[in-house]
Amino acid sequence: MRLKEVREEHDLTQVQIAAFLHIRQNTYSQYENGIRQIPINALIALAKYYSVSVDYILELNSLIARNEAIEWGKLRTGSVGISGTKYK
């Protein structure tokens, strides 16, 4: 998850983001460190605040790109597996 990376890119502290989300700083710290799961409403609020997608924060965009490449491979060469090997 890119919570810390995106926060630091915007020169913000955990205290500032926690205040924005109306939570305690240590709760937000637990989100950043993977100790607690961030609620979807907080994730959406942060995505809007930072003007990025939820996928970006969750680091899903590389998975999406990989899946699109696999789908493109299916269109070009027939069915492909996760490793890129062709199945008959």
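User: Quick one to start: is methionine 1 buried, partly exposed or exposed, and why?

Analyst: Partly exposed, because its relative accessibility is 46%. That value sits between the cut-offs of 20% for buried and 50% for exposed. Keep in mind that this is a predicted model.

User: Where is methionine 1 found?

Analyst: In the segment before α1, and that helix spans 3-9.

User: Which residues form a nonpolar patch on the surface with Met1?

Analyst: Leu58 and Leu60. Together with Met1 they show about 220 Å² of accessible area.

User: And charge? Which residues form the negative surface patch?

Analyst: Four glutamates: Glu5, Glu8, Glu9 and Glu59.

User: Where is the place of glutamate 9?

Analyst: Glutamate 9 is in helix α1.

User: Let's zoom out. How many helices and strands does the protein have?

Analyst: Six helices, zero strands. Reading from the N terminus, the order is α-α-α-α-α-α.

User: What percentage of the residues count as buried?

Analyst: 28% of the 88 residues.

User: What about the accessible surface of the protein?

Analyst: The total is about 6,200 Å². Carbon and sulfur atoms account for 54% of that.

User: How many of the contacts join residues at least 24 apart?

Analyst: 42%, counted among contacts between residues at least 6 apart in sequence.

User: Switching to helix α3. Which residues in it are buried?

Analyst: α3 covers residues 25-32. Its buried residues are Thr27, Tyr28, Ser29, Tyr31 and Glu32.

User: Some of those are three or four places apart. Why would spacing matter in a helix?

Analyst: An α-helix has 3.6 residues a turn, so residues three or four places apart point the same way.

User: What covers the buried residues of α3?

Analyst: The cover includes α1, α2 at 14-21 and α4 at 40-50.

User: Take serine 29. Why does it count as buried?

Analyst: Serine 29 lies in helix α3. Its relative accessible area is 18%, and buried means under 20%, so serine 29 falls within the cut-off.

User: How many residues apart in sequence are serine 29 and glutamine 14?

Analyst: 15 residues. In space, serine 29 and glutamine 14 are 6.8 Å apart, C-alpha to C-alpha.

User: Last one. What follows α3, and is its phi positive or negative?

Analyst: Glycine 34 follows α3. Its phi is positive, near 75°.

Conventions:
Residues are numbered from 1 along each chain as its sequence is written. This is a predicted model: local features need pLDDT of at least 70, side-chain atom pairs count only at pLDDT 80 or more; totals for chains, interfaces and linings use all residues. Side-chain values use heavy atoms; hydrogens and water are left out. Patches are made of residues with over 30% relative accessible area and no salt bridge: like charges are joined within 9 Å, nonpolar side chains (Val, Leu, Ile, Met, Phe, Trp, Tyr) within 5 Å. Accessible areas come from the Shrake-Rupley method with a 1.4 Å probe; for residues, only the protein chains shown count as cover. A salt bridge is a side-chain nitrogen of Lys or Arg within 4 Å of a carboxyl oxygen of Asp or Glu. Helices (H or I, at least four residues) and strands (E, at least two) are DSSP runs, numbered from the N terminus. Buried means under 20% relative accessible area, exposed over 50%, partly exposed in between (1.4 Å probe, protein chains only). Lys and Arg count as positive and Asp and Glu as negative; His and the chain ends are not counted. The place of a charge is taken as NZ of Lys, CZ of Arg, CG of Asp or CD of Glu. Contact means heavy atoms within 4.5 Å.
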